[in-house]
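The sequence and structure are shown below for reference.

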Amino acid sequence: MSVIEEVASLLKARGETIAVAESSAGGLISAALLSQGGASAYYRGGAIVYTPKARAALMGLSREDMGQLRSASEPYARFMAAHARQRMNATWGLAETGAAGPSGNAYGDAAGHCCLAVSGPVELSLVIETGHGDRAVNMATFRDTALKLLLDALRAA
């Protein structure tokens, strides 16, 4: 069974739901979650929070709400996972933020930098660095790592 098949199976079997806030993965995390039959049983919704304007419009968060948090950081990923979970009334929140490439971001992070977080009955987060600027490969890596982190949380719950 693939990672996404196991994630979908566990969510459906438990009657749990997921909400996603992703950035540099560009919707690939949500697309993977939606690729499984019966996704409407567990997928509450997702937002591609690629800019501050998107964060305000899609997640209802102002700059003031962010306090000292900066995008593409582990604390920001944890905040966004918890906020997505709460905003969409889901069992789980999953967030991704980073720099897909080919260059780094405005905060000084190199291409391939990604912060991921899961919020729910189990809280997990991590930072990965791919070490290269291949945008498409990084986006796929961010998606795959996010889904593995979610599976780890589901297994631990």
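## Contacts and the model

In this report, two residues are in contact when they have heavy atoms within 4.5 Å of each other. The model discussed here is predicted.

With neighbours within four places in sequence set aside, Tyr42 is in contact with Ala8, Leu11, Lys12, Glu16, Thr17, Ile18, Leu33 and Gln36. Contacts can also be considered for the chain as a whole: of those with a separation of 6 or more, 64% join residues 24 or more positions apart.

## Overall form

The protein chain contains six helices and five strands. Along the sequence, these elements follow the pattern α-β-α-β-α-α-α-β-β-β-α.

A compact globule of 157 residues would have a radius of gyration near 15 Å, and the protein chain agrees with this at 14 Å. Along the principal axes, its C-alpha atoms fill a box of roughly 40 × 35 × 25 Å. Of the 157 residues, 48% are buried.

## Helix H1

Helix H1 covers residues 3-14; at 1.5 Å a residue, its 12 residues should span 16 Å, and the distance of 17 Å between its end C-alpha atoms agrees. Within H1, the buried residues are Ile4, Val7, Ala8 and Leu11. Viewed down the axis of H1, these buried residues fall within an arc of 95°, so they line one face of the helix.

Just after H1, Gly15 adopts a positive phi of about 70°.

In soluble globular proteins, nonpolar side chains tend to be buried together. The largest nonpolar core in this model has 30 residues, of which Val7, Ile18, Ile29, Leu33, Tyr42, Trp92 and Leu150 touch the most other members. At least two residues of this core come from each of H1, E1, H2, E3, strand E4 (113-119) and H6. H6 supplies the largest share, nine residues.

There is also a second, separate core of 17 residues, which includes Ala47, Met66, Ala90 and Cys115.

E3 pairs with E1 in the parallel sense over four bridges, and Ala21 stands opposite Ala95 in E3. The pairing of E3 with E4 is antiparallel and extends over seven bridges; here Thr97 stands opposite Cys115 in E4.

## Helix H5

Helix H5 covers residues 74-87, and its 14 residues should span 20 Å at 1.5 Å a residue; its end C-alpha atoms are 20 Å apart, which agrees. Its buried residues are Tyr76, Ala77, Met80, Ala81, His83 and Ala84. Among the elements that cover these residues are E1, helix H3 (52-59), helix H4 (63-66), E3 and E4.

## Backbone features in loops

Ala72 lies in the loop between H4 and H5, whereas Asn89 lies in the loop between H5 and E3, just after H5. The cut-offs applied are under 20% for buried and over 50% for exposed.

A cis peptide bond joins Gly101 to Pro102, with omega near 15°. Pro102 is located in the loop between E3 and E4.

Definitions and conventions:
Residues numbered from 1 in each chain as written. Predicted model: local features only at pLDDT ≥ 70, side-chain atom pairs only at ≥ 80, totals over all residues. Heavy atoms only, no water. Expected span 1.5 Å × (residues − 1). Buried < 20%, exposed > 50% of the residue type's maximum accessible area, 1.4 Å probe, protein only. Arc of directions from axis to C-beta. Core = buried A, V, L, I, M, F, W, Y, C linked by side-chain atoms within 4.5 Å. Pairing = 2+ DSSP bridges. Rg over C-alpha atoms; globule rule 2.2 N^0.38 Å.
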